[in-house]
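Hi everyone, thanks for coming. Please have a look at the sequence and the structure on the screen, and I'll walk you through a few parts of it.

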Amino acid sequence: MRRETMNTPMSNKVDIDITSPTGAHHFLVIRIGNPRSGSLVILAKEGVKYHQDIYDSYLANHPKENVYVQGGGFMSVDKKEKVIRLWSESGKFGKEPDRENTTVPAIQEHYPDFQVLANYDALFPPEPEDSE
């Protein structure tokens with residue numbers, strides 16, 4: 001299993017479990033310490049059945065942290081095409097409040113070689129725009 005975790009000066013951490021070159025994952029966005037200004041943590045995990053499973057796993061490993069779920073959705077990571085796609089929302093936690101201005105830039109900062117595409121409402125991942 002390959003896990004990539006990175007920290008930034010902005011106190012953001014992206015923890016994405018990308019065990020396969022191409023695959024869809026559930027993801028959650030949480031804040032630690034303060035629901036509005038705490039450290040941002042983005043967790044994605046392949047093979048989980050529910051977003052709650054990601055949350056439960058995080059709490060089990062960080063029992064003393066004050067964790068505030070912001071929302072989540074689905075993510076696919078295509079290492080060959082170097083594209084990360086975010087779409088839809090968590091059935092339990094809803095969607096994070098500012099995907100375009102918070103989640104996407106945090107992921108883009110940690111994966112600068114990847115194109116990060118996102119939307120809220122689609123049931124399927126966004127497609128890259130033609131660069132012609």
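Let's start with the hairpin: β5 and β6 form it, with 4 residues between them. Within that turn, Lys-82 has a positive phi of about 60°. Do keep in mind that this is a predicted model.

How do the two strands run against each other? β5 and β6 pair in the antiparallel sense, over 5 bridges. If you'd like a landmark on the screen, find Ser-76, which stands opposite Arg-85 in β6. As for β5, this strand is mostly covered, with 9 of its 12 residues buried.

Now over to helix α2, residues 99–110. Its 12 residues reach 16 Å from the first C-alpha to the last, close to the 16 Å expected at 1.5 Å a residue. Which residues of α2 are buried? They are Arg-99, Thr-103, Val-104, Ala-106, Ile-107 and His-110. Looking down the axis of α2, you would see these buried residues fall within an arc of 155°, so they line one face of the helix.

One of those, Ile-107, takes us inside. The largest nonpolar core has 17 residues, and Ile-107 is among those with the most contacts inside it, along with Phe-27, Ile-42, Met-75, Ile-84 and Leu-86. Apart from it lies another core, of 9 residues, including Leu-28, Ile-30, Tyr-58 and Val-67. As a general point, nonpolar side chains tend to be buried together in soluble globular proteins.

Terms used:
Residues are numbered from 1 along each chain as its sequence is written. This is a predicted model: local features need pLDDT of at least 70, side-chain atom pairs count only at pLDDT 80 or more; totals for chains, interfaces and linings use all residues. Side-chain values use heavy atoms; hydrogens and water are left out. The expected span of a helix is 1.5 Å times one less than its number of residues. Buried means under 20% relative accessible area, exposed over 50%, partly exposed in between (1.4 Å probe, protein chains only). The arc is that of the directions from the helix axis to the C-beta atoms. A nonpolar core is a set of buried Ala, Val, Leu, Ile, Met, Phe, Trp, Tyr and Cys residues joined through side-chain atoms within 4.5 Å. Two strands pair if DSSP finds at least two bridges between them.
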